[in-house]
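Please look over the sequence and the model below before reading on.

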Amino acid sequence: MTVDPSTLPTRDRILHAALTMFGENRGASLSVRAVAARAGVSTGSLRFHFPTQRELLDEVLRIVYELVAPDDPIHDESLTAKERLLACLRQVLAPSGVGAQARQGATLLHQTFIEPEQTDDLREAYLANEREGQRRVEHWLSVLEQEGSLPAGDNPRRARFLNTVLSGLALERALPSDSSLLASETNTLTMAVDAVFRDTETPTPTTEEGN
């Protein structure tokens with residue numbers, strides 16, 4: 001049954017608008033002004049329910065990822081918090097494969113985004129994928145932070161670090177290596193996760209886009 005958004009409570013109407021925008025364009029920034037306009041509410045009303053853009057995005061991602069991936073390892077309470085984050089990062093690397101499959105993926109990436117002229121459309125296509133990966137890792141970190149397993153910190157910065165590690169490991173899979181590659185990869189991921197859990201730097205306030 002189709003729901004008329006105008007009949008929803010204000011908070012649900014805002015989330016409905018944000019989720020619709022996210023579904024239309026997963027690379028969208030979901031600015032406060034744009035979501036408020038889509039929901040038909042004032043920015044003040046939106047900020048009453050979601051004081052910051054970060055809180056709105058966190059809630060949108062929580063809903064999205066719990067719907068599309070209810071068995072996400074980040075919710076597996078039989079594992080420690082570090083083990084859960086490690087399992088999630090391994091999931092990101094899994095599609096890269098190893099050997100010929102990894103080389104094919106790296107070649108395709110190079111042919112698609114590096115060899116061609118860097119047009120605005122090409123840049124935006126790449127950045128949309130990058131934002132999706134960033135949001136996914138930020139979601140995992142926010143889950144651990146909200147449950148008290150991960151010290152409060154700058155999750156966008158942490159996610160950027162983890163995604164940089166993942167990019168390097170994915171490329172490493174495509175390069176010549178010895179039989180200890182996967183063991184080395186596990187060690188690297190473990191060190192990266194440990195670094196995130198030791199990171200207790202106070203988040204640096206940033207100016208939100210679209211506010």
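**The largest pocket and its surroundings**

In this predicted model, the largest pocket holds about 1200 Å³ of space. Its lining is made up of 33 residues, and those closest to the centre of the pocket are V92, L109, R136, S167 and A170. Four helices, α5 (81-93), α6 (100-114), α7 (120-146) and α8 (155-174), each contribute at least two residues to that lining. Among the contributors, α6 provides the largest share, with 10 residues. Sorted by class, the residues lining the largest pocket comprise 16 nonpolar, 12 polar and 5 charged ones.

Is Q134 buried or exposed? Because its relative accessible area is 15%, which is under the 20% cut-off, Q134 counts as buried. Once residues up to four places away in sequence are set aside, Q134 touches P156, A159, R160 and N163. With P156 there is also a close approach of a particular kind, in that a polar atom of the Q134 side chain lies 2.8 Å from the backbone oxygen of P156.

Helix α7 also contains Y126, and here the accessibility has another value: Y126 has a relative accessible area of 36% and is therefore partly exposed, since this value falls between the 20% and 50% limits. Along the sequence Y126 is 14 residues from T112, while in space their C-alpha atoms are 9.2 Å apart.

Which residues does D199 contact, leaving aside its neighbours within four places in sequence? The contacts of D199 are with P151, A152, R157 and R158.

It remains to consider the confidence of the prediction. Over the chain the pLDDT averages 83, and 88% of the residues score at least 70. Residues 205-210 are a stretch where pLDDT stays under 50, and for this stretch the model has 10 contacts beyond four places in sequence.

Technical notes:
Residues numbered from 1 in each chain as written. Predicted model: local features only at pLDDT ≥ 70, side-chain atom pairs only at ≥ 80, totals over all residues. Heavy atoms only, no water. pLDDT = per-residue confidence, 0-100. Contact = heavy atoms within 4.5 Å. 1 Å grid on protein atoms, 1.4 Å probe; cavity = no way out; pocket = protein on both sides within 12 Å on 5 of 7 lines; lining within 4 Å. Points joined across faces, edges and corners; volume = space filled by probe spheres on them. Nonpolar A, V, L, I, M, F, W, Y, C, P; charged D, E, K, R; others polar. Buried < 20%, exposed > 50% of the residue type's maximum accessible area, 1.4 Å probe, protein only. Polar contact = N/O pair within 3.5 Å; in protein donor to acceptor, adjacent residues only side chain to side chain.
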